[in-house]
Amino acid sequence: MGALAQLTIARARDLLRAGDLTAEDLARSCIDAIESATPLNAFCASTPDRAIDMAREADRRIATGNAPKLCGIPVGVKDLFCTRGVSTQAASGILAGFVPEYESFITDRLWKAGAVMVGKTNMDEFAMGSSNQNSVYGPVISPWRRRGSTTPLVPGGSSGGSAAAVAANLCLAATGTDTGGSIRQPAAFSGITGVKPTYGRCSRWGIVAFASSLDQAGPLTKSVRDAAIMLETMAGHDSMDTTSAEIPTPEFESGLTGDIRGKTIGVPAEYRQDGMPDEIESLWETGADMLRDAGARVIRVSLPHTRFALPAYYVIAPAEASSNLARYDGVKYGYRARIEPGEGIVDMYAKTRAEGFGPEVRRRILIGTYVLSEGFYDAYYKRAQRVRTLIRKDFEAVFDAGVDAILTPTTPSAAFGIGEIPDDDPVRMYLNDVFTVTVNLAGLPGVSVPAGLDEDGLPLGLQVIGRPWDEAELLNVAYALERAAAFDAVPERWW
């Protein structure tokens, strides 16, 4: 039965509708896979009883002959999404014991579409990280290993648990969030597909906030087609979220023709970084050749303010985090520190936050508070926002000139080992986001597609960046790239 968990959404959907598979059998396959994969630490909470109940209901809906595309499909849910009756901690000690009485907009849509929740996936605390080592549950271990090595690797972050779960066939798909690359980077590290939609395409209501002007939910899946299927359900207007756009959601799957003849693909010169590994450069060139062979015109473009994106992001994101995380004080819910006789409420606030937040979250709160403080707001935060505007205008100029999509690497390297980047070198960790943060700053859609292996046998991804609100075209270009790359490598089971 375990082999059922290896199915794609599209294949499982066809088997379910044909009566060759039941949702309950599919759910049990994933439950068994999760139970046998504890060394990965991909799930922070499993929900087997709930999954079986949901699967049985899905089987009843399928039997009526009018079931949605996701009916009966087992999915993992990042611990950032509030789920009614199931612990939601954002992988943080400060939210210990928090069990929501409501569903996030996106998970509510998934359950109404018949999807089956098999559990909550591990993540970097409050989505702050690029490795999934910053978690109160402990680090997630990638299912991949370097050829001939037993060194445990990171799955990427912050949606590392979701990426590892999909790559290891513990579920057919998972939700993630992307603030500066937290869907696309783990997708690239884990050899799967990850989509960051246009800002406002998916509601943020019921998702624990990190940086409100940057956060966007999206799917992590085994293929571009599966991503299109997931995104159709996840997207949609939500009156509870003022940043949710009232724009119709296309049928993304029906637009996957792979025909990109006559399309213009831009390759930005500024993404060629000093010290970029030759294998990343070679993969990028190969990807451009693949799209050219598929009939697209590939041209060089310029995004001149790209070099300022990373420092601007690491001013804006911590500033918004400092504001959003001010609500966690130990008074209303979550963890509360014990205070000594004679200590007051201010001491309780300070102790709760010092004990409840992990070191990376504390670091970003301190940075954010500093750049928002009197005397530094104009010098840092306001200037970073001006840079953000210039970055968005760079993209607008390229798209206005007739470019349909932009091709870049997703990450500057393959997955690295647990602990290989020391805690006292956060800038080195932040550099993992160098190719992805521009998309969030500009509010654009982006997708990472697995396209090759490095010399150690680890997956590498290519990123396609699209016009705002044009995920349909973006996914079709990604689909053409996926077909040309024909990536079929899977991690060799060691767990």
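Predicted model: local features only at pLDDT ≥ 70, side-chain atom pairs only at ≥ 80, totals over all residues.
**View 1. P268 stands opposite V301 in strand 8.** Residues are numbered from 1 along each chain as its sequence is written, and side-chain values use heavy atoms, with hydrogens and water left out. Strand 7 (residues 264-268) runs parallel to strand 8, and the two pair over 5 bridges. Strands here are DSSP runs of E with at least two residues, helices are runs of H or I with at least four, and both are numbered from the N terminus. Two strands pair if DSSP finds at least two bridges between them.

**View 2. Y271 and F435 form a stacked pair.** Their ring centres are 5.8 Å apart and their planes lie at 15 degrees, so the pair counts as stacked. Rings of Phe, Tyr and Trp (its six-membered ring) pair if their centres lie within 6.5 Å; planes under 30 degrees apart are stacked, over 60 edge-to-face, and the rest tilted. This pair links distant parts of the chain, 164 residues apart. Y271 sits in the loop between strand 7 and helix 8 (278-293), and F435 in the loop between helix 13 (426-430) and helix 14 (437-442). By the same rule, the count comes to 15 aromatic pairs.

**View 3. The largest pocket holds about 580 Å³ of space.** Of its 27 lining residues, A167, N169, K222, A489 and V490 are the closest to the centre. Helix 5 (160-167) and helix 15 (471-485) are the elements that give two or more residues to the lining. The lining divides into 15 nonpolar, 7 polar and 5 charged residues. Ala, Val, Leu, Ile, Met, Phe, Trp, Tyr, Cys and Pro count as nonpolar, Asp, Glu, Lys and Arg as charged, and the others, Gly among them, as polar.

**View 4. Two cavities of 30 Å³ or more are found in the structure.** On a 1 Å grid over the protein atoms alone, a cavity is a set of points where a 1.4 Å probe fits but cannot get out, a pocket is an open set with protein on both sides within 12 Å along at least five of seven lines, and lining residues have an atom within 4 Å of a point. Grid points are joined across faces, edges and corners, and a volume is the space filled by probe spheres set on the points. The largest cavity has a volume of about 60 Å³. Among its 14 lining residues, A127, G129, S182, Y313 and D433 are the closest to its centre.
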